[in-house]
Structures are given as C-alpha cells and as structure tokens.
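This report describes the architecture of a protein model, with attention to its sheet, its helix packing and its ligand surroundings. Please examine the sequence and the structure shown here before reading on.

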Amino acid sequence: MKKILIIGANSNIGAFLAKQFYNDHELILHYHRNQERIKSLIEGNGVKTIQFDICNYTDIKDSFTKLFSEKKDIPDAVIFCSTERSKDFQKLAESDSKLIDSIINTNFNGLCYSLNILIPFLRKKNGARIVLFGSNVSRIGLKNGSVYAATKAAVSSIARSIAIEEAENNIFINVVSPGPVQIDNSQFSPEYRKFREEYYMQQSEKIPLGRVANFEDIYHTIDFLLFKNSYITGEEIFITGGSL
Ligand SMILES: NC(=O)c1ccc[n+]([C@@H]2O[C@H](COP(=O)([O-])OP(=O)(O)OC[C@H]3O[C@@H](n4cnc5c(N)ncnc54)[C@H](OP(=O)(O)O)[C@@H]3O)[C@@H](O)[C@H]2O)c1
C-alpha cells in the first residue's frame, strides 16, 4: 500500500483516479473550491483532504508543512491534475489579458510553486514518483486555446529538467499527455460545450484507434508510471490512440 497525493482530485480525471486507487492505497486528496464534491467523492477511512489555491505560495507551504510534519505522512506518489482551461476559447489576439494571466498562473506558476515546496519532502522518501499532466495540444496546437496549449508544453519541459535534478534522490517525474478525453461536458456553459464537442468531433476523425481516450486509458498509464516503472523519468507519454 502506497500513499498517493492527488492535486486537483475534484477534476474529471483526478476523481476517477482517486476511485481507482482507493481500495489499494492511502489517499490524500487536494481540492481548490469544491469542498462538497471532494467529500462526496470518497468518504472512506483514512482518506485525508487538503485545500489550497496552487497560485498561493504561502498557503501551499503552510498546508504541506502541517500535513507532512512526520516522514510517515509524506506521499510516495503525487499526481498533479489541477488546471485552468481556456474558458474564453478565443484567438490569442482576442483573449482577455486577465484570463491569460490566470491560465499561466495556475498551469505553470502554480505547478512550479507546488513542486518547489513538495520536492524537499519527497526527498525524504525513497523512490517517490510524480506524474504531471500535459496535453497533446502542446504538439498539435489548439486553435482558440493557445495559452493553455503553451502552458502544457511548459509542463513537459520542466519535468525534463526536474528529472535530471532529482535523479540522485531517486525521484522519478513523468508527464502524461492525452488527446481528447471523454469527460462529462454537462458542467460547462452551452457555448464552451459546443466548442468542445466540435473540437472532439474533428479530432476523433483523425485518431487511428477510432475513439477518444477514456479514464481507464489514463489510469493504466499512470498506474504503470507510479508503481511498475523502474527506468523512465523525464518523459512525456502521449495517450492519443495513434494520432500525432
Ligand atoms: N479532459 C481532457 O480532455 C484533457 C485532455 C488533455 C489533458 N488534460 C489534462 O488533464 C488534467 C486533468 O484534466 P480534467 O479535465 O480532469 O480537469 P478539470 O476537470 O478541468 O479539473 C481541473 C481541476 O483543477 C482545479 N483547480 C483549478 N484552479 C485551481 C487552483 N488555482 N488551485 C488549485 N486547484 C485548481 C479544480 O479544483 P476544484 O474543483 O476543487 O476547484 C478542478 O477540479 C489537466 O491537467 C488537463 O490539462 C485533460
């Protein structure tokens, strides 16, 4: 049994992973805003929850310092799901500057802050494993989502460097980068839902395996990277059914 921290456990993918790992592992589930959802997700024995905004360095530091005061409480594995989407789905030239800042802050600064604070704790564990989320849009581009796509490229870039920095501490860090994943679209505004559905339709026609990814596809890759992988670090693994 390992201890797994899921940052952004309320996310579509994070919530599925939490349910999959629940029976065999100890979980620490992080959330940002949606306390009710995280509570309803898993109400099992021993599941800890933790709340902070990944853009707030002091809050992250306080939360982790409190939670990981003893070595036995430090996770063996971290899955980082938190993200902000391009909710305005505009060309860069038309994007709102506040949203640009917010996407970069959450998807890149927030990730850097979190890892900056977490890694010194993880060094105390032997063989900690980190999985981050990129996206296939970092290599194919995303019309009307350029800032989001660029932050996802930054995720795989920083993982590459951290892998080299932390190899001597036996910390492995890898990135999974899915193409479109079948998620519950009902939470989105009608306009954003339409944008997503059109994008998914265009993309799925180009997928050799003939379907978009599902949560199980992601889970199997992450399970491998966390618990069966002995020699892969700093890599980005694309989960795209054969498409580029
Ligand atoms: N879904 C896809 O098709 C797809 C495709 C390729 C890559 N990915 C990547 O896979 C990962 C998971 O995607 P998803 O679709 O499951 O995500 P999602 O459902 O959009 O959830 C994003 C999560 O991020 C958290 N969050 C947002 N701002 C935050 C902040 N400032 N501080 C802390 N947490 C914050 C939210 O937490 P609360 O709910 O608690 O507020 C939310 O649960 C992301 O990195 C995404 O880029 C997804």
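At what angle do helix H1 and helix H8 pack, and how far apart are their axes?

## Helices H1 and H8

Helix H1 (residues 12-22) packs against helix H8 (residues 215-227) at an angle of about 60°, and their axes are 10 Å apart. Axes are lines fitted to C-alpha atoms, for helices over the stretch in contact, and angles run from 0 to 180 degrees between N-to-C directions. Helices (H or I, at least four residues) and strands (E, at least two) are DSSP runs, numbered from the N terminus. H1 and H8 are therefore oblique to each other; angles under 35 degrees count as roughly parallel, over 145 as roughly antiparallel, 65 to 115 as roughly perpendicular and the rest as oblique. The crossing of H1 and H8 is right-handed, a crossing being left-handed if the near helix is turned anticlockwise from the far one by less than a right angle, and right-handed if clockwise.

Two residues are in contact if their C-beta atoms, placed from the backbone, lie within 7 Å. The contact of H1 with H8 comprises seven nonpolar residues, one polar and no charged. Ala, Val, Leu, Ile, Met, Phe, Trp, Tyr, Cys and Pro count as nonpolar, Asp, Glu, Lys and Arg as charged, and the others, Gly among them, as polar.

## Basis of the model

Residues are numbered from 1 along each chain as its sequence is written. The model is predicted: local features need pLDDT of at least 70, side-chain atom pairs count only at pLDDT 80 or more, and totals for chains, interfaces and linings use all residues.

## Packing around helix H4

The axes of helix H3 (residues 57-67) and H4 come within 9 Å and cross at roughly 25°, which makes H3 roughly parallel to H4. From H3, the contact involves Tyr57, Ile60, Lys61 and Phe64, and from H4 Tyr113, Ser114, Ile117, Leu118 and Phe121. These residues divide into seven nonpolar, one polar and one charged.

H4 also packs with helix H6 (residues 146-166), at an angle of about 15° and with axes 9 Å apart; H4 is therefore roughly parallel to H6. Contact residues include Ile100, Phe108 and Leu115 of H4 and Val147, Ala154 and Ile162 of H6. By class, the contact of H4 with H6 has 14 nonpolar, two polar and one charged residues.

## The sheet

Seven strands form an open sheet in the order S3-S2-S1-S4-S5-S6-S7, with parallel pairing. Two strands pair if DSSP finds at least two bridges between them. The edge strands, S3 (48-51) and S7 (236-239), each pair on one side only. Neighbouring strands are turned by 20° against each other on average, direction ignored.

Strand S5 (residues 129-133) pairs with strand S6 (residues 172-178) in the parallel sense over five bridges. Arg129 has Phe172 as its bridge partner in S6.

## The ligand shell

Of the 26 residues around the ligand, Asn10, Ser11, His32, Arg33 and Phe133 come nearest; a residue is near a molecule or strand if its C-beta atom, placed from the backbone, lies within 6 Å of it. The elements that give two or more residues to this shell are H1 and helix H4 (97-122). H1 gives the most, with three residues. The shell around the ligand divides into ten nonpolar, twelve polar and four charged residues.
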